[in-house]
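Q: Could we go through how helix packing and pockets are read from a set of coordinates?

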Amino acid sequence: MDFPYTTERRAQRNVDPGALGIAVFAVTNTMLAFLLLETKGIHEDVMIVGMLWFVGGLGSWVTAILEYMNGKAFEFTVFACFGAYYFSYAATMTPAFSVNSGYTTTNEFQNAIALLFLAWFFLFLLFTIAGIKTNLVLLTIFTSVTLTAAFVSASHFMTAMNEGGTALNLQKAAGSFLILGALAGWYDLAHALFKDQKIGWTLPLGELNGYRDSQVEIESQISREAPKIDIDLPSRA
């Protein structure tokens with residue numbers, strides 16, 4: 001049996017899955033921001049459960065797997081953690097998990113939810129610090145989700161303290177920050193799609209690391225110009 005191997009076939013597998021990850025981020029967080037803001041008087045958040053499971057969570061993990069295959073550690077970590085974030089949040093609202101039944105009082109449950117978002121706040125804050133040398137759009141996304149997690153956590157703490165008015169104001173503040181991050185996600189998605197389809201004009205991302213784009217372009221050019229090498233392994237009798 002022969003095992004032909006070519007660098008061309010290998011290159012075909014090295015697609016950039018970032019657009020998928022940004023797309024599911026933008027869609028999921030746009031909906032979540034609308035619910036946090038109680039748009040059109042909607043007070044219940046059950047509509048977001050399916051999106052958290054099958055759009056944000058699943059889509060982020062698929063992206064993470066593809067980023068891992070491309071050898072991108074930072075992107076893999078970010079998308080894998082975002083997927084876990086969506087899944088963990090969805091589980092608290094999914095009846096099959098009966099999360100709230102494990103608590104004796106509603107206030108205890110609200111404090112537990114607040115601690116959940118507080119834990120994610122610390123991780124998102126670390127992502128924000130690590131993303132300082134990426135670009136303004138990505139930094140906006142990280143900053144918005146960090147502030148969203150902080151304000152949602154504070155909102156649940158206030159709910160546990162029976163401070164309903166303050167809790168609602170904090171929740172809406174979280175929604176405002178998240179809609180900003182979602183808009184940044186839509187912008188980043190447009191940038192990726194326009195670039196992939198070779199549309200004549202591109203959207204600037206506000207690069208904070210001067211040589212980042214040039215390095216990517218150099219690596220891409222080297223990959224395109226690499227000679228095609230066919231290696232046929234000897235067949236076994």
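A: This is a predicted model. As a general idea, two packed helices are described by the angle between their axes and the distance between the axes. Here the axes of helix α2 (residues 18-36) and helix α4 (residues 73-93) come within 11 Å and cross at roughly 30 degrees.

Q: Are α2 and α4 then roughly parallel or roughly antiparallel to each other?

A: Because angles under 35 degrees count as roughly parallel, α2 and α4 are roughly parallel to each other, and their crossing is left-handed.

Q: Which residues in α2 and α4 meet, and how do the residues of this contact divide into nonpolar, polar and charged?

A: From α2, the residues Gly 18, Gly 21, Ile 22, Phe 25, Thr 28, Asn 29 and Leu 32 meet Phe 79, Phe 82, Tyr 86 and Tyr 89 of α4. Divided by class, the residues of this contact are seven nonpolar and four polar, with no charged residue.

Q: Which elements give two or more residues to the lining of the second largest pocket?

A: Those elements are α2, α4, α5 (106-130), α6 (136-160) and α7 (164-196), and α6 gives the most, with five residues. By class, the lining of the second largest pocket has 17 nonpolar, twelve polar and three charged residues.

How values were computed:
Residues are numbered from 1 along each chain as its sequence is written. This is a predicted model: local features need pLDDT of at least 70, side-chain atom pairs count only at pLDDT 80 or more; totals for chains, interfaces and linings use all residues. Side-chain values use heavy atoms; hydrogens and water are left out. Axes are lines fitted to C-alpha atoms, for helices over the stretch in contact, and angles run from 0 to 180 degrees between N-to-C directions. Helices (H or I, at least four residues) and strands (E, at least two) are DSSP runs, numbered from the N terminus. Angles under 35 degrees count as roughly parallel, over 145 as roughly antiparallel, 65 to 115 as roughly perpendicular and the rest as oblique. A crossing is left-handed if the near helix is turned anticlockwise from the far one by less than a right angle, and right-handed if clockwise. Contact means heavy atoms within 4.5 Å. Ala, Val, Leu, Ile, Met, Phe, Trp, Tyr, Cys and Pro count as nonpolar, Asp, Glu, Lys and Arg as charged, and the others, Gly among them, as polar.
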